[in-house]
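Welcome, and please open your viewer. We will take this tour one selection at a time.

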Amino acid sequence: MPELPEVETVRTGLAPIMEGAHIVAATINRPNLRFAFPARFCARLEGAGIIALRRRAKYLLIELSTQETLIAHLGMSGRFSILAPGGPLPDTNPKHDHVEWVLSNEHKIVYNDPRRFGFMDLAANNALAQNRFLADLGPEPLGNGFSGAWLREAFTGKAQSVKAALLDQRIVAGLGNIYVCEALYCAGIRPQTPASKISKERLEKLSNCVRKIIATAITAGGSTLRDFAATDGALGYFQHRFSVYGREGEACLNKECGETIVRLVQSGRSSFYCPKCQH
DNA sequence: AGGGGGACCTGTGCGC
DNA sequence: TGCGCACAGGTCCCCC
């Protein structure tokens with residue numbers, strides 16, 4: 001489910017409820033998600049004040065008053081819900097509720113994750129950059145470090161396909177399968193193209209497309225979040241129209257094109273592209 | 001050392 | 001209706 005824009009949507013949904021509150025009680029309903037919870041996980045959270053919610057790539061970062069930061073990744077199917085006192089319950093299956101936090105403002109935060117590909121960690125604030133999940137991440141797509149010039153440097157000598165290279169979190173942090181497909185359509189580049197064989201001009205265009213796609217998706221998530229949260233408190237899902245992702249066999253959206261969107265499998269994952277508009 | 005493929009999980013939707 | 005299979009928005013880790 002979550003790529004960078006979805007995690008950002010979750011962050012903006014949780015922040016007004018969580019920031020400034022304390023964690024009164026923390027519960028885990030199993031010893032692990034994808035990985036084991038860190039030692040004394042609940043004890044280290046209980047009593048902590050929540051200073052700020054941030055995001056790095058697809059990671060949600062919750063800065064605590066204890067000089068530690070909680071690092072959370074939603075994997076493929078992770079969802080956070082806000083339960084207001086007397087409010088509606090989330091539509092997620094409660095048997096996959098793995099983590100629960102009761103806040104000082106009487107709201108409850110529940111983490112639900114059927115596939116358990118998500119994970120959580122705790123790191124000292126002054127060692128956050130060295131955390132094993134965060135240390136090797138590349139630039140944020142909307143940050144200053146990401147540009148056509150950066151892609152050129154990162155792609156030099158890469159025999160890998162541009163699809164695989166853009167999914168590499170060390171090259172650009174936060175893109176997933178959907179937005180890579182969308183960005184490559186925007187840039188008119190086929191996903192199979194070896195990364196090193198793309199011209200400077202096209203890499204400039206590609207970097208602009210990545211920024212545009214991500215920025216647009218964040219805006220869409222932010223605008224529909226309130227409606228969704230109002231009904232059941234679950235954050236992170238939103239309907240977003242994609243140009244190629246999931247559109248195999250449908251018409252290319254470029255009116256003058258007339259071609260049909262194709263799906264191919266690259267290293268076990270689906271890529272969608274227009275064979276006429278992308279080369 | 002870079003890169004491909006398997007492993008980790010459950011749920012859903014489809015064809016037979 | 002039931003069964004088996006393919007597939008799902010991610011990441012780590014092993015092996016070549």
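Start by selecting cysteine 252, which counts as buried because its relative accessibility is 7% (buried means under 20% relative accessible area, exposed over 50%, partly exposed in between, with a 1.4 Å probe and protein chains only). Before going on, note that this is a predicted model, where local features need pLDDT of at least 70, side-chain atom pairs count only at pLDDT 80 or more, and totals for chains, interfaces and linings use all residues. Residues are numbered from 1 along each chain as its sequence is written, chains are lettered from A and ligands numbered from 1 in the order in which they are written, and side-chain values use heavy atoms, leaving out hydrogens and water.

Next, select cysteine 257, also buried, with a relative accessible area of 7%. Its sulfur is 3.6 Å from the closest cysteine sulfur, in cysteine 274, too far for a bond (a disulfide is a pair of cysteine sulfur atoms within 2.5 Å).

Now show cysteine 186 and cysteine 209: they do form a disulfide, with sulfur atoms 2.1 Å apart. The pair links distant parts of the chain, from helix H5 (residues 177-187) to helix H6 (residues 200-232); helices are DSSP runs (H or I) of at least four residues, numbered from the N terminus.

Finally, turn to DNA strand B. Residues around it include Arg34, Lys95, Phe117 and Ser267, each with a heavy atom within 4 Å of the strand. Zoom in on histidine 96, where a polar side-chain atom lies 2.7 Å from a phosphate oxygen of DNA strand B.

Technical notes. A polar contact is a pair of N or O atoms within 3.5 Å; within protein, one must be able to donate a hydrogen and the other to accept it, and residues adjacent in sequence count only if both atoms are side-chain atoms. Helices (H or I, at least four residues) and strands (E, at least two) are DSSP runs, numbered from the N terminus.
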